[in-house]
Amino acid sequence: ANVALDQARQMLSSLQLQNPNVSSDNPVPAFVLESGKSNGQYIARPVVLGLTDDTEYVVLAGLSPGETIIAGVQTGGSGGVRPITPGGAGG
């Protein structure tokens, strides 16, 4: 997870160099979990998340349309899991 988060920070820096206007999307480095192909374990993948309403997120970098991932958010001692759709909102 730490490696994925470091990679996400690098992705964010690159994204900001390519498009300075991306700052208006309030980008943050993050990671998502992807199911391993054969061993059933999960792999942390770096992503850059943008605008959110605290329920849905815009994925600015790191995923392609149609990919299914697990995203968890922990608030107030309880966690939630929801899908995130690249380039748009997840729900």
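Which residues form a nonpolar patch on the surface? Hi everyone, the answer is F31, L33 and Y42, which together have about 270 Å² of accessible area. For a patch, residues need over 30% relative accessible area and no salt bridge, with like charges joined within 9 Å and nonpolar side chains (Val, Leu, Ile, Met, Phe, Trp, Tyr) within 5 Å. A salt bridge is a side-chain nitrogen of Lys or Arg within 4 Å of a carboxyl oxygen of Asp or Glu. Areas are Shrake-Rupley values with a 1.4 Å probe, and for residues only the protein chains shown count as cover.

A word on the source: this is a predicted model, where local features need pLDDT of at least 70, side-chain atom pairs count only at pLDDT 80 or more, and totals for chains, interfaces and linings use all residues. Residues are numbered from 1 along each chain as its sequence is written, and side-chain values use heavy atoms, leaving out hydrogens and water.

Now the overall layout. The protein chain has one helix and five strands, in the order α-β-β-β-β-β; these are DSSP runs numbered from the N terminus, helices being H or I of at least four residues and strands E of at least two. Of its 91 residues, 30% are buried, meaning under 20% relative accessible area, with exposed over 50% and partly exposed in between (1.4 Å probe, protein chains only).

Back to Y42, which sits in strand 2, residues 42-52. Y42 is partly exposed because its relative accessible area is 49%.

L51 is in strand 2 too. Its C-alpha atom is 5.2 Å from that of D25, 26 residues away along the chain. Beyond neighbours within four places in sequence, L51 contacts (heavy atoms within 4.5 Å) S24, D25, N26, E56, Y57 and V58.
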